[in-house]
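Trainee: I would like to learn how to read a few features of a protein model. Could we take them one at a time?

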Amino acid sequence: MTETLRPAVAGDLPAIVAIDQGGDGVGLLPSLYADLLSRAAAGAGLLLVADAAGGIAGFSACSQVLDEATLLALVVDPPRRGCGVGGALLAASLEALAAAGARRCLLEVRASNTPALALYEGAGFREDGRRRGYYPGAGTLDREDAVLMSRDLE
């Protein structure tokens, strides 16, 4: 991986939103990323980017309340997938959250997102349950399960 991992700054927000809304992202509202950036500055979250020569290659977004963190998004720009960016972002996020006092990290992921499931399982996350029909599916009436996962950070 040739990208540099660093905390996001306000100037990164347009690239973060563009990657997230580029098709395979989680589709969070742009205002949420600005809020996460301010929470990260206050020590209540984390917004990391993988900075590459050609721009932002991916990002992770987390929130933290007391000793529990939630991975809200981990998105890699499609042309840069499969090069270790996601794994590096995940590892750096978990390390930073643990250093900030988080003892547990939660996340949810689409049941069909097998690359993400493999990444999270490889990082020690285990399935805690499912939210049936949580995500919109391909058709107007189709729904997809959210897989709920967590791992201890100690």
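**Reading the model**

Mentor: Leucine 66 is exposed, with a relative accessible area of 76%. Keep in mind that this is a predicted model.

Trainee: Where is leucine 66 placed?

Mentor: Leucine 66 sits in the loop between S3 and S4. Now look at the backbone. Most residues other than glycine have a negative phi. Leucine 66 is not a glycine, yet its phi is positive, at about 55°.

Trainee: Which residue takes a positive phi just after H2?

Mentor: Glycine 43 does, with a phi of about 80°.

Trainee: How do I read the helix H2 itself, and which of its residues are buried?

Mentor: An α-helix has 3.6 residues a turn, so residues three or four places apart point the same way. Helix H2 covers residues 30-41 and spans 17 Å between its first and last C-alpha, close to the expected 16 Å. Its buried residues are Tyr33, Leu36 and Leu37. Viewed down the axis of H2, the buried residues fall within an arc of 100°, so they line one face of the helix. Their cover includes helix H1 (13-20), S2, S3 and S4.

Trainee: Which residues touch the most other members of the largest nonpolar core?

Mentor: In soluble globular proteins, nonpolar side chains tend to be buried together. Here the largest nonpolar core has 26 residues, and Leu71, Leu97, Val109, Tyr120, Phe125 and Met149 touch the most other members. H3 gives the most to this core, with 5 residues. Apart from it lies another core of 16 residues, including Ile16, Ile19, Leu36 and Leu47.

Trainee: What does methionine 149 contact?

Mentor: Beyond its neighbours within four places in sequence, methionine 149 is in contact with residues including Val109, Tyr120 and Phe125.

Definitions and conventions:
Residues numbered from 1 in each chain as written. Predicted model: local features only at pLDDT ≥ 70, side-chain atom pairs only at ≥ 80, totals over all residues. Heavy atoms only, no water. Core = buried A, V, L, I, M, F, W, Y, C linked by side-chain atoms within 4.5 Å. Buried < 20%, exposed > 50% of the residue type's maximum accessible area, 1.4 Å probe, protein only. Helix = DSSP H or I, 4+ residues; strand = E, 2+ residues; numbered from the N terminus. Contact = heavy atoms within 4.5 Å. Expected span 1.5 Å × (residues − 1). Arc of directions from axis to C-beta.
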